[in-house]
Amino acid sequence: MYEGNRRFKSKNKRFEEKNNTEEYWKKLRNAFYEIFNKNAGELSFEELYRYAYNLVLSKEGKKVYNGTCELMEERLKEISSEQIKPAFPVDEPGNKFQSNTEIERDLEFLRIIKNTWDNHIMAITEIKSLLMYMDRVYVPRAKLLPIYEKSQHIFRDIIIYDENIKECIINIILKQIERERSGEMIDRSLISNIISMMLDLHEGNGETGLSLYKSIFEERYLESSRVYYSNLSEKFLDENDASEWLKKSEHHMEEEKDRTEQYLSTLSTREILRIVEQETIEKHVNTIIEMENSGLRSLINDDRYNDLNRMYNLFGKVNNGREELIKALCDYIKELGEDINETWALVSSTNESNKNINRTAKIFNRNSSTNNNNNNNNNNNNNNNNNNDNKDNNKSSETLDNIENTNIKKENLTKHSINPKLWVVKYLELKDKLDNILVKGFDNDKKFQMKMNSIFQLVINENPKASESLSLFIDDNLKKGIKGKSEDEIEELLNKSIVLFRFISDKDVFERYYKQHLAKRLLYKKSVSEDAERIMITRLQMECGHQFTTKLEGMYKDINISSELSTEFRAIEKKKDKKLPELNISVLTKIFWPMSGQVTPNLPYPIEIQTLMDDFSKFYYSRHSGRKLLWQFSLGSSDLRINYEKGSKDINICNLGMLLLINVFNKWKPGDSFTFKQIQAELEANDLELKRVLQSLVFSKYKLLQKIPKSREITNEDEFIVNTKFSTPLNRIKIPMVVASGNIHNRSSVIENNEEREETYRHIEDSRRFQIDAAVVRIMKGRKKMYHNNLITEVTNQLSSRFMPSPTAIKKRIESLIEREYMERSPEDR
């Protein structure tokens, strides 16, 4: 009975509440109105919640939902007409820049929008808590939006979708952004609130959709930014340099990123940065690179690595930026290398014959001797006196004479103009600069490194004398007597030389020259230190393998063995108690040393020298049976003491010079003279070598002999006498020899002339033919059968560490091997 009474009373109560729905809704509506007016302090939220709850239970959810929406619409329309629209800002006509009054009016408009939104959200948040039961029960059944989301859509439709209001909001924000870009202070907080409102509001009728920030603002913002930076770039590049513009661009990117993070939206960060990159960098890549006095070349020349790194990083953000950068860099590296080649190696990079002739003529005029200049001036003066009317013709003749002189005296020009050691120094400086650029400017970018190394190798090998020049440079730094250089400094130079050596394509050419220069250093004991020589050989071995340095190591071994032999031989001779000169002998293995192969003819050696030679031969054969000694007298030198009236002088001279002074001029008496023919008959020496020795004694710094007549050319009837007036403050002197080909001790410090180079390359080509043959046979023994193109590729790969054989050369060697029946063509391909 009790339970029944409870059920009966509950039904009666629910029936009574249903009859009061209109009263409940009226109370709710009035409460909502007070909430919108911020007068909710005296309201009972518990009672209001019960009203909303009962209305939903009474099947009046639709009435509550629609009524609340209508109330919000009425309220927002009222605010729009009474507060927002009267506050529309109006720009003063004809004034490009806003006044402070206009700026304040704009900001006031945004504040009204912000306050309206804040009040709306605050009110709807309270209303949402009262209608919580409706959102949980009625809204899902009716498939409607929750009241909070619905209120946002109502605000969007009435306030933001109003065309005038929308345009005002967007235009004001864009103006504020432009003011900040110009350096003015703006109210970031206010704009941030408006942007947050647009991010909270979405398109469509669902709970999610594209935010209004994306749909109505972002595109306008990005487009205005594009226009701004496009105009700024054109103006700034015309007035400033590339370095400043790169700094400015970097600053703008940081500014825009900060702007999106602080008061716009990070949704636009990528897009706005892309626009800044396109307008400030991508569209002006070539302009920035090529800008005079501030572009890439200027940055490289001035070692401005920070600016280079900035350029590298910024160009990496745009399409083809780094591609254009590395292209321009390689072009400049090529120009720098070609300039070094033209200046210090006379290697022309152009095929235009007229340019070559003009340039050669200029160089020749600059380096020609004073006597020739005087003769030309005298001839020109005589011509002018004889015929003043032909002045222009004489000028033309002078130009033609210059070109003729260049062609006739080309070899003399080369000797005056080429500086192989300085050529190497310049390339070492260039390599250091490029390494610094790569590390400090381009963050060790591997792609940049490959491109830079490739163009560096290309330009350095444009000089056909590259291998010889590098060998001369190393020789100069390994010799004794280099002033101002410690062993550490020399070692550092050698390290750099090895780096340069890696870029040399024809390493077999370098090997040949290096052997010649090493031979002189070893034979004449001119090395800085044995350790430095061995370090160099070790590094060459690490670069090219053991086979590359086998002969160099053999040369060292010969010198060490010869030293032991000479010591032992001198000890034996000393026991004989004979008053003979001291003899130092180097026994050289022929296959290791770069000798011409010609054996010194039997010269009339002094009896003391001949006795020592015979004794050493017996001594050597007693220890090494089956070997044969061939005396290379031309490779040695002698120390003599010459007695003059004012004292004696010790001189060092080549062995042929020693024979000349002892066998001929040691018999000289005042009034005597010897013709070249008589000297030749006495010594039976090679004419060319004998003339070189006489020229060295007559025309060098130390003139021990005099020639009659005083011409440089030597004929059979020319006479020679002792220079009795010779004097020098030095007690010991060395007679320098006139340079000529064929002797390693004369060629080591001077670059070869054309004839000598042709001879050198003839020997190198012979050696290369043997190496190609050996490589082909070695490959075919392992493979047995190969296609022709594959064989050429494999041979090229095997020999590339020493030289780069051409496919034509390999093909010829294959044909030669087929003719000699080392291999044959496959019957299937015949």
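**Strand pairing and salt bridges in the predicted model**

In strand 5, phenylalanine 720 is the bridge partner of lysine 707. Lysine 707 belongs to strand 4, which spans residues 705-708, and strand 5 covers residues 719-722. The two strands run antiparallel to one another and are paired over four bridges. The side chains of strand 4 alternate along its length.

Another antiparallel pairing is found between strand 1, made of residues 637-644, and strand 2, made of residues 647-654. Here eight bridges connect the partners. The passage from strand 1 to strand 2 is a hairpin of two residues. Within this pairing, aspartate 639 sits opposite asparagine 652 of strand 2.

Attention now turns to charged side chains. Side chains of opposite charge can pair when their charged atoms come close. In this model, 54 salt bridges are present. One of them joins the side chains of glutamate 180 and arginine 259, with an N to O distance of 2.9 Å. Glutamate 180 counts as buried because its relative accessibility is 12%, under the 20% limit. Arginine 259 is also buried, with a relative accessibility of 2%. Both residues take part in a network of salt bridges that links Glu180, Arg181, Arg188, Glu256, Asp258 and Arg259.

A further salt bridge connects arginine 274 with glutamate 282, and its closest N and O atoms are 2.9 Å apart. Arginine 274 has a relative accessible area of 24% and is therefore partly exposed. Glutamate 282, at 25% relative accessibility, is likewise partly exposed.

The salt bridge between the side chains of aspartate 766 and arginine 762 has an N to O distance of 3.9 Å. Both residues are part of helix 33 (residues 754-783), where they are four residues apart, about one turn of the helix. Aspartate 766 is partly exposed at 23% relative accessibility, and arginine 762 is partly exposed with a relative accessible area of 41%.

Terms used: Residues numbered from 1 in each chain as written. Predicted model: local features only at pLDDT ≥ 70, side-chain atom pairs only at ≥ 80, totals over all residues. Heavy atoms only, no water. Pairing = 2+ DSSP bridges. Buried < 20%, exposed > 50% of the residue type's maximum accessible area, 1.4 Å probe, protein only. Salt bridge = Lys/Arg side-chain N within 4 Å of Asp/Glu carboxyl O.
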